[in-house]
Amino acid sequence: MRRQLTATLAGTGARLFGHQELKQSYHKIFDPNVKLQSYKGRFAYMCMSTAYRLGLLADLQSSYLAQLPLVPAVAPPNHVYDRDFLNLRLNRVYDLPEVEIDGDRPQTINVLVPAFDFKSISAGFFGVFQMALFLRKTGINVRLVMFDNFYFNLSEFREKILKYPGMERIFDELEVEYIGERRAPLSVSKYDYAVATVWYSAYLADKIQSVTRNEKFIYLIQDYEALFYPANSLHAIADRTYSMNYSAIFSSESLMDFFVANDVGGIKSRGLSYTFFNNACSSNLLPKNTFIARNREKKKKKIVFYSRPVVDRNMFELTALALATAFKRGIFDPAEWECVGMGLGEGVVELLPGARSVSLPRMDLSRYIEEVSSFDICLTLMASPHPSMIPMDLAGSGCVVVTNTFKTKTDEYLKGLSENIIPAQPGLNELVAALELAKAKSMNLDDRYKFAKAMKYPRDWDHSLTSKHLNFFKRRLQAKSTAGSSSNRTAP
């Protein structure tokens, strides 16, 4: 009842007041010096003060933040572009938290974590969290800094993370700080380091390093993120981050090769240091007898496709058209093949008149690992030099995977990861031909199992992040005992 009440009040407040008015009113509850700019702001403050006295403010805030989208709308409701809305549109890279030196803080590696929720958390965040856990091996304190303004409830998130193997205690084992509201500066020591994990966090990482004794931050680059946008403001300011002063660690070799081959941000010509790792995949290879028996007993074989119509780089339209064309040409018979979509956002594909794909519900990692062993063919596309994790998750589980090539993500590179992967040019005829080949290959269960077992991609984080990576970090993240002198700058 209480939760329903606060959700209703939060929704009403969101309709009556703007985000800036609500933010200022909230801050004034705790800081009388905050000035309210409008009559609506004063009215919002009166309402919020009442909620505070009734003990409802914390619940009200949580309900409000939970209802906010992780990205702002394309245009403000009143079509007036004020600074607050414009900053939201630009991922707040020009509205960063203040950073101040605190002489009492221990030296810390600040891993900057963007907004997320457990309904849409993806492999990129697994890489961020596992990297943060690995960085403890440097002997330096590690802190997760939640810098976006989003719904973050530590006790609730501790419970939800239990369904993500390998990360169950991350919020207990690492220092955690949420600064999304910008109510107070981020306190750092003069020996601190920052790790950018998404392009817009690089701006905050750069700001942190500007007040410390260290010149460079660590840039965890998980994709060429400027490609996420057309030629617009976000594309320009995302691409600009690669010209900053950092040492890079890329989440795949093909991605690193793309940056080097194209000298993105001058990474090669400026002599920046870099290395790569491969995110551990979430494959599930059953014992061979079980794998063979389950697949022989199936009434229908399964094609799974990565269904993310809300994420342009996953090329949903080409994915769906390739599947519909393959069914129309008779490559797949709906009486023998079930077509399943998994991903983010509803995307049902009409394969033939009267035959449509079905959508799997969004799954936590534990449930996902159970599902990956049940598929025969996977179609997953990504317009990026990064291979993505789905091909490895499925190929390593004994599924035949069709995916696309892109720049340095070559045919040779993809086949070198697993013989269960069929690379194809991102064109309709090429993809349909690859699906026809995948159908033929899927019939050979012994080969599928053999190729899955021989996959050259890490299945756990002990094989993903190794002593090589620890040495890379130790050369660039000096412990306080050696960081004190001005001559001990970060290694190039």
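How do the residues of the lining of the largest cavity divide into nonpolar, polar and charged, and which are they? In this predicted model, the lining divides into four nonpolar residues, one polar residue and three charged residues. The residues concerned are Asn91, Arg92, Val93, Leu96, Phe147, Asp148, Arg182 and Tyr200. The space that lies in this cavity comes to about 30 Å³, and the count of cavities of 30 Å³ or more is one.

When residues up to four places away in sequence are left aside, Lys190 is in contact with Ile101, Thr212 and Arg213. The C-alpha atom of Lys190 is also separated by 7.6 Å from that of Gln107, although the two residues are 83 residues apart along the chain.

Helix H13 comprises the 13 residues 316-328, which at 1.5 Å a residue should span 18 Å, and the computed separation of its end C-alpha atoms, 18 Å, agrees with this expectation. Within H13, the buried residues are Phe316, Thr319, Ala320, Ala322, Leu323, Ala324, Thr325, Ala326 and Phe327. Just after H13, Gly330 adopts a positive phi of about 85 degrees.

How values were computed: Residues are numbered from 1 along each chain as its sequence is written. This is a predicted model: local features need pLDDT of at least 70, side-chain atom pairs count only at pLDDT 80 or more; totals for chains, interfaces and linings use all residues. Side-chain values use heavy atoms; hydrogens and water are left out. On a 1 Å grid over the protein atoms alone, a cavity is a set of points where a 1.4 Å probe fits but cannot get out, and a pocket is an open set with protein on both sides within 12 Å along at least five of seven lines; lining residues have an atom within 4 Å of a point. Grid points are joined across faces, edges and corners, and a volume is the space filled by probe spheres set on the points. Ala, Val, Leu, Ile, Met, Phe, Trp, Tyr, Cys and Pro count as nonpolar, Asp, Glu, Lys and Arg as charged, and the others, Gly among them, as polar. Contact means heavy atoms within 4.5 Å. Helices (H or I, at least four residues) and strands (E, at least two) are DSSP runs, numbered from the N terminus. The expected span of a helix is 1.5 Å times one less than its number of residues. Buried means under 20% relative accessible area, exposed over 50%, partly exposed in between (1.4 Å probe, protein chains only).
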